[in-house]
Structure formats: structure tokens, C-alpha cells
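Let's walk through this one together, starting with the overall picture and then stopping at a few residues along the way.

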Amino acid sequence: MPLPTDSGARAASSVDPARCPLCGQANRCAQSDPATRKLPCWCFSTPVSPGTLARLPEEARDKACLCPNCATLDEPG
Ligand SMILES: [Zn+2]
């Protein structure tokens with residue numbers, strides 16, 4: 001059975017490393033910007049909830065950082 005309309009453009013393996021893969025906002029990760037790459041990023045000291053990690057699409061793992069919002073968001077429910 002086909003899935004109901006897959007919400008449009010599934011951008012083929014083009015993950016924007018500067019954007020949060022979950023909400024699409026800028027992730028403000030120091031690592032994604034060459035100018036600030038040597039600076040410690042907020043993600044070094046902020047624990048990312050396991051539930052959030054589990055929701056990441058495969059292609060975004062190890063490529064795009066989460067934004068501070070999503071990283072610390074508790075699992076809904
Ligand atoms: Zn986010």
C-alpha cells in the first residue's frame with residue numbers, strides 16, 4: 001500500500017549542515033561554520049536527549065547538527 005502523499009520534496013541527500021534536521025532552523029553550531037569551527041560549540045556541553053537523536057533521519061546523522069531547541073527537547077508524550 002502506497003504511503004499517503006509524502007510531504008513533497010525529499011531533497012536527495014542534500015543535508016544542510018547549518019540547519020537543524022528536525023525543525024529547519026539555523027542550528028548555530030560552531031562546527032558548521034569555518035569561521036567559528038575552532039570555537040567550542042554549545043553542543044559540547046549540552047546533552048542531547050536520546051529520543052531526539054532517534055528521530056533524526058539517517059542521512060542527517062553526523063552531517064547536520066540539531067538546534068539548541070530540539071537538542072534539549074524532551075520526547076513528546
Ligand atoms: Zn531544531
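**Contacts first, then the details**

Of the contacts in the chain between residues at least 6 apart in sequence, 59% join residues at least 24 apart. Two residues are in contact here if their C-beta atoms, placed from the backbone, lie within 7 Å. Keep in mind that this is a predicted model, where local features need pLDDT of at least 70 and side-chain atom pairs count only at pLDDT 80 or more, while totals for chains, interfaces and linings use all residues. Residues are numbered from 1 along each chain as its sequence is written.

On secondary structure, the chain has 2 helices and 0 strands. Both kinds of element are DSSP runs numbered from the N terminus: helices are H or I with at least four residues, strands are E with at least two. Buried residues account for 13% of the 77 residues in the chain. A residue is called buried if 20 or more other C-beta atoms lie within 10 Å of its own, exposed if 12 or fewer, and partly exposed in between, with C-beta atoms placed from the backbone.

Now go to Asn27, which sits in the segment before helix H1 (50-54). Is Asn27 buried or exposed? Asn27 counts as buried because it has 27 C-beta neighbours inside 10 Å. Leaving out residues up to four places away in sequence, Asn27 touches Ala18, Arg19, Cys20 and Ser32, and also Ala64, Cys65, Leu66 and Cys67. Asn27 and Ala71 are 44 residues apart in sequence, yet their C-alpha atoms are 9.6 Å apart in space.

Step back one place to Ala26, also in the segment before H1. Ala26 is partly exposed, because 13 other C-beta atoms lie within 10 Å. With residues up to four places away in sequence set aside, Ala26 touches Ala18, Arg19 and Cys67. Its C-alpha is separated by 8.6 Å from that of Leu66, 40 residues apart along the chain.

Arg28 has 17 C-beta neighbours inside 10 Å, so it counts as partly exposed. Its backbone is worth a look: Arg28 has a positive phi of about 55° although it is not a glycine. Most residues other than glycine have a negative phi.

Which residue has a positive phi of about 65° although it is not a glycine? That's Asp62, found in the loop between H1 and helix H2 (68-71).
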